[in-house]
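Have a look at the model first, then try each task before you read its solution.

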Amino acid sequence: MNESELVALLKLKDRQAFKEMVETWQDMVYNTSIGFLQNEEDAEDISQEVFIKVYQSIYSFKGQSKLSTWIYRITVSKCLDHLRKKKRKKRFAFIQGLYSNDNNLAIEPPDFVHPGIKTENKEISIALFKAIDKLPPNQKTAFVLNKIEELSYHEISEVMDSSESAVDSLLQRAKKNLQVLLKDAFIGSDE
């Protein structure tokens with residue numbers, strides 16, 4: 001079944017078409033989510049939310065881009081929303097901690113290791129993912145889509161609705177920021 005047939009069937013709420021869509025893009029959605037969220041449970045939850053959103057809003061898909069690009073956009077949007085909510089909760093927990101006797105409310109998440117990372121590279125991957133998490137949202141989006149999801153500049157520009165030169169600029173700034181963050185992480189750990 002080609003993409004236009006799949007979209008037409010999805011608009012008719014065909015269950016088999018939905019199943020095929022999920023099977024086709026579930027790995028892409030999960031891998032993108034885990035690259036952003038660095039938590040397997042959150043990535044699974046967001047993946048489910050993405051496919052529910054696709055199912056519910058397929059009528060708004062106009063076919064001006066590939067279906068996979070549209071699904072990437074939804075995934076990135078859901079991940080960034082989740083991260084914003086998580087930061088708000090963390091700030092609220094920290095503020096609560098300032099006014100109560102329990103200073104353990106602002107808990108740092110455990111070290112995350114991406115499932116595709118080899119055991120001998122865990123220390124480096126932990127530092128890398130912590131550094132990626134500190135990037136501004138646009139840089140993080142471009143970096144995750146390019147380096148983890150291996151999308152081309154053109155594909156990233158479609159997902160982010162920007163130009164390829166803007167993507168290149170975001171990636172260059174992300175790399176410079178990561179160099180500084182990782183240098184600080186490794187030089188600071190030797191002291």
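Helices here are DSSP runs of H or I with at least four residues, numbered from the N terminus. Keep in mind that this is a predicted model.

**Exercise 1.** Find where Lys140 sits, and decide: is Lys140 buried or exposed?

*Solution.* 
- Step 1: Look in helix α6, which covers residues 137–148; that's where you'll find Lys140.
- Step 2: Buried means under 20% relative accessible area.
- Step 3: Lys140 has a relative accessibility of 2%, so it counts as buried.
- Step 4: Now check the neighbours. Leaving out residues up to four places away in sequence, Lys140 touches Phe36, Leu83, Ile132, Asp133 and Leu135.

**Exercise 2.** Work out where Gln38 and Asp161 lie, and what to say about their phi angles and accessibility.

*Solution.* 
- Step 1: Gln38 is in the loop between α2 (15–37) and α3, while Asp161 is in the loop between α7 (153–160) and α8 (164–190).
- Step 2: Gln38 isn't a glycine, yet its phi is positive, about 55°. Asp161 isn't a glycine either, and its phi is positive at about 55°.
- Step 3: Gln38 has 13% relative accessibility, so it counts as buried. Asp161, with a relative accessible area of 66%, is exposed.

How values were computed:
Residues are numbered from 1 along each chain as its sequence is written. This is a predicted model: local features need pLDDT of at least 70, side-chain atom pairs count only at pLDDT 80 or more; totals for chains, interfaces and linings use all residues. Side-chain values use heavy atoms; hydrogens and water are left out. Helices (H or I, at least four residues) and strands (E, at least two) are DSSP runs, numbered from the N terminus. Buried means under 20% relative accessible area, exposed over 50%, partly exposed in between (1.4 Å probe, protein chains only). Contact means heavy atoms within 4.5 Å.
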